[in-house]
Amino acid sequence: MGARSRSGCLSCRRRKKKCDETKPICAACLRNALKCVWPDTSPLEASSEVVSTPQQQTQTFSARPVPASDAWALTIGAPRNLPTVTIPASPSNFPLLGSAASGSETWRLLDHYLKDTANRLACLQDSENPFLHTILPVALSDELVMNSILALSGVHMMQRLPRLNLEMQSLTWSRYTRALRQLRMDLSETLNDGSNVDAAWRALLVVLIFYLLEATRGNDPKAMQRHLDGAHHLMAHVLRSTETPTQPSIVSFAIELYVYNAALASFTTNSPPALIMSPSLGLKSLGGTDREIGVLCGCAYELFTLVPHVSALLRNSASCDSSTTSSKDGLMMEYYSIRAQIENWKPRSNQRELVLCAELYQQSLLLLLDYRFTSNSTDDIVDNAFWKLNSIISQLPPNSPIATTANWPLFAFGIHARKSYHREIIRSYLQSLVEYFGMGVMSTALRQLEELWMSEPGQDVISKFFTNQNELLLIC
């Protein structure tokens, strides 16, 4: 065991463990869900620890309630159709939250979630956005959910403001570790009991929020994979339950979050697609077959359920080059079947930007398949695909709410980009997405593509994305 650091956090010193000295929260405290406290190095402060308490924090808001329309007003001043809930002006007025909402800095995290984070995560906005109208009412009386959205908001704020003060960063990771600790305790009870299906759906929702948090952060693929594995396990658990959940809005929201993230993750991991294709996760589970628009899937839910099939087919094809002719014939038949489903897909919406983003997914899936399976010139396939891509994104503004889901298809196009102008199309649009949405996973996608373009110019690099050795970050 390495020697203990004399300049490490106080938590590691007390436990007599080596600290990696990462601020505001070290790896050991994050891994063990501990409060990471640092010694104060400033001679101007009397306290020996950098830790904020409710008594030390000053209230900067009056105690009167503020209508949601005021609390949620964006700086752009545009009129917004908002849910009819009232948000207390002071965090101390939140009912049943206790330590989850103490002090003005915590209010700042919640304020950022309401004003920015929630609407950057969904194609549905304001009163139609489940990140607001579904999660927030639950969070107001549920400390675990509240801590999870505060942590998500704080991580998003760090992406927006790289020089965010250490107090806000420390508060963010404190909320994250509290939520992780509470989730572990709740899971041990929920999974052992097996009778409370509402608790299981709540746990699934929180795990998916954690996954979004790591996607927003964009630099820890192992953490993303752990949360995704947990979501697989919890989804299987709730599907086995015979109990009827009492909060259908949480169920439908959690299902779509799961389908969206698990489907796209199957592209760069070996995540099993079986649950995604379960009949229990059909369109009826999303609120009825007449539902046109989803919070993340837009009007392309059927296309998302095909992503794992495409990923599995490409992986099988990459590993069977020396297999028998019958195996290859079987793959070709599967290719024709999946391709027909993708090509014949029609949007169930007349909202132009939603349809454009759905077509972006459609064309990216067709490119992935045709590049691998057709006998046509790969250059012709790629040129034709990028011509269609350019036509789509020239009509889809990068600040459109649905563009928050454009990262994955752009990445799929980007791994095929051999020509400089192809790469510039991808680079320019991704840079605009990063600037507007502030999501770390978008920066990661662009960085990985830049590294790919520099390291293997002009080479066929498609197969490497569909092997068991792939260690790419999850792109969503």
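1. Arg-339 and Glu-343 lie about one helical turn from each other, because they are four residues apart in helix H13 (residues 325-343). The model discussed here is predicted. The two side chains form a salt bridge in which the closest N and O atoms are 2.9 Å apart. Arg-339 has a relative accessible area of 18% and is therefore buried, the cut-off being under 20%. Glu-343, at 43%, counts as partly exposed.

2. Arg-339 also meets Asp-370 in a salt bridge, with an N to O distance of 2.7 Å. This pair connects distant parts of the chain, since Asp-370 belongs to helix H14 (residues 352-373) and lies 31 residues from Arg-339 of helix H13. Both Arg-339 and Asp-370 are buried.

3. The structure contains 14 salt bridges. One of them joins the side chains of Arg-120 and Asp-116 at 3.2 Å, N to O. These residues are both in helix H4 (residues 104-120), four residues apart, or about one turn, and both are buried. Asp-116, Arg-120 and Arg-160 are linked in a salt-bridge network.

4. Helix H12 (residues 301-319) has 19 residues and so should span 27 Å at 1.5 Å a residue; the 29 Å between its end C-alpha atoms agrees with this. H12 has a kink of about 25° at Val-307, shortly before the proline Pro-308.

5. Ile-135, in helix H6 (residues 135-139), is buried at 1% relative accessibility. Beyond its neighbours within four places in sequence, its contacts include Tyr-113, Pro-130, Leu-205 and Phe-253. The C-alpha atoms of Ile-135 and Ser-249 are 9.4 Å apart, although 114 residues separate them along the chain.

Definitions and conventions. Residues numbered from 1 in each chain as written. Predicted model: local features only at pLDDT ≥ 70, side-chain atom pairs only at ≥ 80, totals over all residues. Heavy atoms only, no water. Helix = DSSP H or I, 4+ residues; strand = E, 2+ residues; numbered from the N terminus. Buried < 20%, exposed > 50% of the residue type's maximum accessible area, 1.4 Å probe, protein only. Contact = heavy atoms within 4.5 Å. Expected span 1.5 Å × (residues − 1). Bend = angle between axes of the 7 residues up to and from the residue. Salt bridge = Lys/Arg side-chain N within 4 Å of Asp/Glu carboxyl O.
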